[in-house]
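Please look over the chain shown below before reading on. The briefing that follows begins with the chain as a whole and then moves to its separate parts.

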Amino acid sequence: MLLGDGDVEITGVAGIREAGAADLTFLANPRYERYLEATAAGAVLVGPGAPTCRVPAVRVENPYLAYVQAIKLICGNGANAAPPGVHPMAVVSASAVLGRNVSVGPLAVVEDGARLGEGTVVSALVYVGREAVVGSGCVLHPHVAVHARCELGDRVIVKAGAVIGGDGFGYVWDGEAHQKIPHLGRVVLEDDVEIGANTTIDRGTTGETRVGRGTKVDNQVQIAHNVRVGQQGLIAAQVGISGSTELADRVTVAGQVGMVGHIHVAEGAFLSAQAGVDKNVPEGAVWLGSPARDRGRALRELSALTRLPELVKKVRDLEERIRELEQGTPK
């Protein structure tokens, strides 16, 4: 619902404190209401319960979501701004297949039999291995490596320095040395997956390591061989997922979580930051701590821990009192 002048010309977007007369801004957090009267924005997106303001406003159900949609409408997706064509300093195999309007930047390498879908951007210094498949509308930022036979769906974004399909960490002891286990599988990233900078996703020993549709993975995450991540998940920075672990749909994993191998995290679970997960996690569970356990139990234990010095003193006093009673010399 429009509140105020609907003829204001908007050409940009900005935060509520930085916005100028031609910018659209938004108010989603009540803590920022104090900036509403002072904002110089041309217009503001507000929620159902937000107060009125002196600048034109549009009242929507979800201001933050509306703001994101407005960014795309006003500013476009900047990541796809690279002009189509193959840079003369790129190395593209004659047997590679490039779709329409593909952009391949300088010093990028596209190996034999690789396929790039329509409108995909391969930035400078990217490596696309033999028979790898990259779908339509993908963006591979500089220094990304997509190794042989790995497959990316449509609209996949892989940020700088990420490695898709490197060998997993697998060795067997022969009595004298660690013998490397060959990794013959691949990595599959389904449609609309986003992979953060310097994240590593290892290929399967055999079979696949798979990340499901719409899942977003932050920077500096390690996903080991044969892991399966479901759809619409969120995995934050510095998470480590050991081999053959399975995450169901809509699992959220906060930063610095560590998981052992061969466990199952059920649908909708939430693993808090720095959780150490060493067993299966039930559906919808909220776990924290190391070892990770139910949030309510963990908080009670943490609360008790803060009172530990008092409890220790009390126990010592009681022990002394018992000794005195046993000796028949009460104070």
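What percentage of the 331 residues of the chain count as buried? The answer is 38%, where buried means under 20% relative accessible area, exposed means over 50% and partly exposed lies in between, with a 1.4 Å probe and protein chains only. This is a predicted model, in which local features need pLDDT of at least 70 and side-chain atom pairs count only at pLDDT 80 or more, while totals for chains, interfaces and linings use all residues. Residues are numbered from 1 along each chain as its sequence is written, and side-chain values use heavy atoms, with hydrogens and water left out.

**The chain as a whole**

- The chain holds 3 helices and 38 strands, which are DSSP runs numbered from the N terminus, with helices being H or I of at least four residues and strands being E of at least two.
- The radius of gyration of the chain is 27 Å, well over the 20 Å that the globule rule gives for 331 residues, so the chain is more spread out than a compact globule; this radius is taken over C-alpha atoms, and the rule is 2.2 Å times the number of residues to the power 0.38.
- Taken along the principal axes, the box filled by the C-alpha atoms of the chain is roughly 95 × 75 × 30 Å.
- Among contacts between residues at least 6 apart in sequence, 15% join residues at least 24 apart, where contact means heavy atoms within 4.5 Å.

**The sheet of 5 strands**

- An open sheet with mixed pairing has its 5 strands in the order S1-S5-S4-S3-S2, and two strands pair if DSSP finds at least two bridges between them.
- Strand S1 (2-3) and strand S2 (12-13) stand at the edges with a single partner strand each, so one side of each is left without a neighbour in the sheet.
- S2 and S3 run parallel and are joined by 2 bridges, and Val13 has Leu24 in S3 as its bridge partner.
- S3 and S4 also run parallel, joined by 4 bridges, and the bridge partner of Thr25 in S4 is Val44.
- Because 4 of the 5 residues of S3 are buried, S3 is largely enclosed by the rest of the structure.
- Strand S4 (residues 43-46) is joined by 3 bridges to strand S5 (residues 57-59), and the two run parallel, with Val46 standing opposite Arg59 in S5.
- Helix H1 (residues 63-75) packs on the sheet, where it touches S2, strand S3 (23-27) and S4, and its direction makes about 165° with that of S3; axes are lines fitted to C-alpha atoms, for helices over the stretch in contact, and angles run from 0 to 180 degrees between N-to-C directions.

**Further along the chain**

- Strand S17 (residues 151-152) and strand S22 (residues 186-189) run parallel, joined by 2 bridges, and Glu151 has Val188 in S22 as its bridge partner.
- S22 also pairs in the parallel sense with strand S25 (residues 208-211), over 4 bridges, and Val187 stands opposite Thr209 in S25.
- Ala177 lies in the loop between strand S20 (171-173) and strand S21 (178-180), and at 31% relative accessibility Ala177 counts as partly exposed.

**Two helices in contact**

- The axes of helix H2 (residues 295-306) and helix H3 (residues 308-326) come within 5 Å and cross at roughly 60°.
- The contact is made by Ala304, Leu305 and Thr306 of H2 and by Leu308, Pro309 and Leu311 of H3.
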